[in-house]
Every structure is written in C-alpha cells, then in structure tokens.
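Okay, thanks everyone, I'll keep this short. Have a look at the sequence and the structure first, and then I'll walk you through a few spots.

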Amino acid sequence: MLAESAVGHDELAVLKLLALEGGLEGDVKISCSHLADRLDASNQTASRRLQRLESAGLLERDTVNDGQWVAVTETGERALHAEYEDYRRIFETDSHVGLEGTITSGMGEGRHYISLPGYKRQFEDRLGYEPFPGTLNVDLREDSVRRRSAMASLEPVPIDGWESDERTYGPAVCYPATIETTEGEVYENAYTIAPERTHHDDDQLEVIAPDKLREELALEDGDHVTVSVGDRE
C-alpha cells in the first residue's frame, strides 16, 4: 500500500471531485478524459492520481472498456471529512464546538482531585457550584479528536495551580458544556475540565457537573453522547 504521505492535495482534489460526482453513495462511472478536463490536466496525470488514491485505499475502481467505475472508500471519506474539519475551523464563526463520543469508565483520579480543597474553592467561585466528586469520561470519536483543537479559540475558565504542605497541584482549564444523549435528554450546567497533569489523551474528554451525570442522564458505558462546548446562550 502506498504511504499516506504520498497522497497530497492534488489527489485529495480528485477525491473531492469524485465525491461531488456521487462517489460517496456508490459506484460512479467516469473517464480519465472527463476527469482531466475537470482538473485542467492531462489524461496521464488524471490516471496517475486515481492510481495513487486506489493504492492508498481511499478509492476503489473497476476499469471497463469505456471508462471506469469508482467509489470512495470509508478511508477516503474520513480523509475528506478531515479536510472539511480544517476548513470549518478556518471559516466557522460559531462559538461552540460539538464533540461526539461514548461513555467510558475513568481511572478514578477525577474523584480525588475534584475533592481537593484548593480546587473546590475555585470551582465554587468560578463555576458557581461544587462539582460532584467525579468526572464523566467520554471516549471521543476520531473526527471529534481533531475537532477538539478548535476549543483553543474559546474563552476558558482558568483553574489556578496551588500548593499544600505536601505537594504542588497543577492548573486546569474549564469550558462550559452541554450534554445531549441519543434519547434527546439534555444537561446544560456542565463543564469540561482539562488538567495540566492527566493520564488522559486527546481522545478522552472529562466533564464535571454539580450532579452525578451518569444518574441524571441514565448513562452507561458505551452510550453515545454529544458534548457542545462553548458559551451558554
């Protein structure tokens, strides 16, 4: 299989054209001459880009006498979706970032840290409540992991680091969040929290609230949720 790095902007432009021709819905028939006209390139160039897309697993094709049948694969669709997310970050003016994922069990460290007095005082002062001692952990989908970086454009609620007699505790940032389940249940008074020191990767989102969210929303491991991060209306 061709290395992913060999598929560049030129090949992605071809993939986009094929998707616009209906390649996401199933096989579409296309000729190299038609594709070359759309690309303002030679037939050889059009054919070479199709070959690279096929070798990279982004495209399936079947050559016939008068052209070829092509279809964008799931991998190709993910590549197009990644391009879409990049452009959305450039042009989107919405003050919210929508993240999707599934509920997963955490490692229990959230319960400990949220209950520490140096954090609790700041939560009460800056969030307006004392959170339930524990976090709701969301395992983000691949596209939401990419989208998560858009949270950098939002205004966070900072939680300062502090010291006790025994050790130093690092700072964290919180963002207002609304959680919606697949059944349409909505919880609006939550915050995401991202400690500076955490064992979670970018694909893990932690959410705090004054209530036990698993009980409030009847959530179990594997349940799907959408977390809208940003200023509340």
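Let's start with Ile208, which is buried, with a relative accessible area of 0%. Keep in mind as we go that this is a predicted model. Ile208 sits in strand 11. So what does Ile208 touch, if we skip residues up to four places away in sequence? On one side of the numbering there's Ile114, Phe123, Leu127, Tyr129, Pro131, Gly134 and Thr135, and then there's Ala190, Tyr191 and Ile193. One more pair to look at: Asn137 is 71 residues from Ile208 along the sequence, and their C-alphas are 9.2 Å apart in space.

Next up is Thr192, over in strand 10, residues 186-195. Buried or exposed, what would you say for Thr192? Thr192 comes out at a relative accessible area of 2%, under the 20% cut-off, so it counts as buried. Again leaving out residues up to four places away, the contacts of Thr192 include Leu205, Glu206 and Val207. Met151, Val173, Cys174, Tyr175 and Ala177 also touch Thr192, and so do Val227 and Val229.

Now follow strand 11 out into the loop. Lys212 is in the loop between strand 11 (204-208) and helix 8 (213-216). With 34% relative accessibility, Lys212 is partly exposed. Lys212 is also among the residues that UniProt lists under "binding site", in an unreviewed entry. That UniProt list has Asp211, Leu213 and Arg214 as well, plus Gly106, Met107, Gly108, Glu109, Gly110 and Arg111.

Okay, over to the helices. Helix 1 (residues 9-23) and helix 3 (residues 43-55) have axes that come within 9 Å and cross at roughly 90°.

Last thing, zooming out. The protein chain has 8 helices and 12 strands. Its radius of gyration is 23 Å, well over the 17 Å from the globule rule for 233 residues, so the chain is more spread out than a compact globule. The C-alpha trace spans about 75 × 35 × 35 Å along its principal axes. Of the 233 residues, 40% are buried. And among contacts between residues at least 6 apart in sequence, 66% join residues at least 24 apart.

That's me done, over to you.

Technical notes:
Residues numbered from 1 in each chain as written. Predicted model: local features only at pLDDT ≥ 70, side-chain atom pairs only at ≥ 80, totals over all residues. Heavy atoms only, no water. Axes fitted to C-alpha atoms, helices over the stretch in contact; angles between N-to-C directions. Helix = DSSP H or I, 4+ residues; strand = E, 2+ residues; numbered from the N terminus. UniProt positions renumbered as here; feature names shortened; annotations may be inferred. Buried < 20%, exposed > 50% of the residue type's maximum accessible area, 1.4 Å probe, protein only. Rg over C-alpha atoms; globule rule 2.2 N^0.38 Å. Contact = heavy atoms within 4.5 Å.
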